[in-house]
Amino acid sequence: MPENWKTYKLKDVALLKRGYDLPSRLRKTGEYDIISSSGVTDKHEDYKIKGPGVVTGRYGTIGRVFYTDSNFWPLNTSLYVQDFKGNDPKFIYFLLQTLNWNKYSTKSAVPGVDRNEVHQEQIIVPELAEQKSIASILSALDDKIELNLQMNKILEEMAMALYKHWFVDFGPFQDGEFVESELGEIPKGWKVKALEDIIKFSNGYAFKSKQLLKEEEPNCFHIFKMGHILKGGGLKADGTKSWIKKEDCEGLDKFILKTGDILMSMTDMKDNMTILGHTALMNEDDKFIVNQRVGLLRVANNYGIDYPYVFLLTNSSDFIQRLRSQANSGVQVNLSTSAIKSAKTVVPEKEVNIEFNNITLPYYKTINQNAIENQTLTQLRDTLLPKLISGEVRVKDVEKTITEVL
């Protein structure tokens, strides 16, 4: 154990308490966060606890820990830190992330955390000054990750707003002549084409279940499944955990994903359609290989259309609505290859597409760089977190590394 670190029971470092009931019918929208076992879920006009605060799940989502600087209302599905016992709240936030919360889960029909048991957990804690230094290092990584996420969100919103302004509302082209088409009035010179006229489509590969790995190994591809597509579109890089050895992928080069590839969900549940027809945009080369029931769209046309247009098109509400109308019915809803390839879209004149590319391609270059940087930062944070909290690694040992990556 490092010098000046001491052993305590958790209850002597951070006292946990059950959150408070707040039925939906009693909530009145206000400025204060309502924090449940899954994080901020609503706003309320009043608060129960003054910030800063740390909250974790008691029922439902167990193991995630949330921090807030502001006053808040912890719901009854959560546990919050009632007393930090003079310790740094941000340090406690990181400390609680290192605990194995499932170990304290009751064995009842509805498993939940037994706070009396978790209070008995033995931990080692440094003096307050070092707590603050550890929290500062880890917070700097978290802040950079969050900054990149916010920047990407803004760029994505800008790209979609521009797409809608140009290709849905036809804002820049209102002074020109319009003609009737099967998709309504469009600027003269533009055409209505099938999706297959601007992309090359292929279905993902049907891998054998016995080939799949549950843990990543050297010389493997991460298998891209529907779980990598976010609700409403977008890439969830840490989605489904499934890998396959590269040696088992000989002859499957066309399924290995490249930057700019667009991946479409071809299946969803009828009662909860959130991803059917939506797409994700691949942001790196040769890491993923695409699985069946995910459509692979690669830009291929003579109209000057590049991947930003296709990605935005396939996540636009009008296109999604038209595409889903061609899906089969049943408990599980499916899109056929023919339905996707024949889906109609407006194809602008070539010079318009080139101008759109010149604006949006730099957006996505930055988005991709930020996303890849976040993967590196997240891996570094997840590696350092337990080592700094346990004293295995000291702040002075990692300050140079943190400075370099930030």
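Which loop holds Pro52? Pro52 sits in the loop between β4 (39-44) and β5 (53-57). The model is predicted. Its largest pocket has a volume of about 2000 Å³, and its largest nonpolar core has 42 residues.

**Largest pocket**

- The volume of the largest pocket is about 2000 Å³. Its lining has 49 residues, and those closest to the pocket centre are Ile145, Leu149, Asp238, Asn374 and Thr378.
- Five elements each supply at least two lining residues: β6 (65-68), α1 (89-97), α3 (128-167), α4 (307-313) and α7 (350-390).
- The largest share comes from α3, with twelve residues.

**Second largest pocket**

- The second largest pocket has a volume of about 290 Å³. It is lined by 17 residues, of which Tyr163, Phe167, Val168, Asp318 and Arg322 are the closest to its centre.
- Two or more lining residues come from each of α3, α4, α5 (317-324) and β22 (344-347).
- Here α5 gives the largest share, four residues.
- By class, the lining of the second largest pocket divides into ten nonpolar, three polar and four charged residues.

- In soluble globular proteins, nonpolar side chains tend to be buried together.
- The largest nonpolar core has 42 residues, and Leu195, Tyr309 and Tyr364 have the most contacts inside it. Elements giving two or more residues to this core are α3, β13 (199-203), β16 (262-265), α4, α5, β22 and α7.
- The biggest contribution to this core is from α3, with seven residues.
- What does Leu195 touch, leaving aside its neighbours within four places in sequence? The contacts of Leu195 are Leu297, Leu313, Phe319, Ile340, Lys341 and Ala343.
- Another core lies apart from the largest one. This other core has 39 residues, among them Leu95, Leu99, Ile134 and Ile402.

**Helix α1**

- Helix α1 is mostly covered, with seven of its nine residues buried.
- The buried residues of α1 are Pro89, Phe91, Ile92, Tyr93, Phe94, Leu95 and Leu96. One of them, Leu95, also belongs to the core of 39 residues.
- Helix α1 also supplies at least two residues of the lining of the largest pocket.

**Asp33**

- Asp33 is part of strand β3 (residues 32-36).
- Is Asp33 buried or exposed? Asp33 counts as buried because its relative accessibility is 17%, and the cut-off for buried is under 20%.
- The side chains of Asp33 and Lys43 are joined by a polar contact of 2.6 Å.
- Beyond its neighbours within four places in sequence, Asp33 is in contact with Val40, Asp42, Lys43, Asn71, Phe72 and Trp73.

**His228**

- His228 lies in the loop between β14 (220-224) and β15 (243-245).
- With 0% relative accessibility, His228 counts as buried.
- A polar atom of the His228 side chain lies 3.4 Å from the backbone oxygen of Thr240.
- Leaving aside neighbours within four places in sequence, the contacts of His228 are His222, Ile223, Gly234, Leu235, Lys236, Ala237, Gly239, Thr240, Ala280 and Phe288.

**Backbone details**

- Most residues other than glycine have a negative phi, and most peptide bonds are trans.
- Gly51 and Pro52 are joined by a cis peptide bond, with omega about 0°.
- Asn219 is not a glycine, yet has a positive phi of about 60°. Asn219 is in the loop between β13 and β14. Asn219 is exposed, with a relative accessible area of 59%.
- Arg293 also has a positive phi, near 70°. Its place is the loop between β19 (288-290) and β20 (294-299). At 25% relative accessibility, Arg293 is partly exposed.

Technical notes:
Residues are numbered from 1 along each chain as its sequence is written. This is a predicted model: local features need pLDDT of at least 70, side-chain atom pairs count only at pLDDT 80 or more; totals for chains, interfaces and linings use all residues. Side-chain values use heavy atoms; hydrogens and water are left out. On a 1 Å grid over the protein atoms alone, a cavity is a set of points where a 1.4 Å probe fits but cannot get out, and a pocket is an open set with protein on both sides within 12 Å along at least five of seven lines; lining residues have an atom within 4 Å of a point. Grid points are joined across faces, edges and corners, and a volume is the space filled by probe spheres set on the points. Ala, Val, Leu, Ile, Met, Phe, Trp, Tyr, Cys and Pro count as nonpolar, Asp, Glu, Lys and Arg as charged, and the others, Gly among them, as polar. Buried means under 20% relative accessible area, exposed over 50%, partly exposed in between (1.4 Å probe, protein chains only). A polar contact is a pair of N or O atoms within 3.5 Å; within protein, one must be able to donate a hydrogen and the other to accept it, and residues adjacent in sequence count only if both atoms are side-chain atoms. Contact means heavy atoms within 4.5 Å. A nonpolar core is a set of buried Ala, Val, Leu, Ile, Met, Phe, Trp, Tyr and Cys residues joined through side-chain atoms within 4.5 Å.
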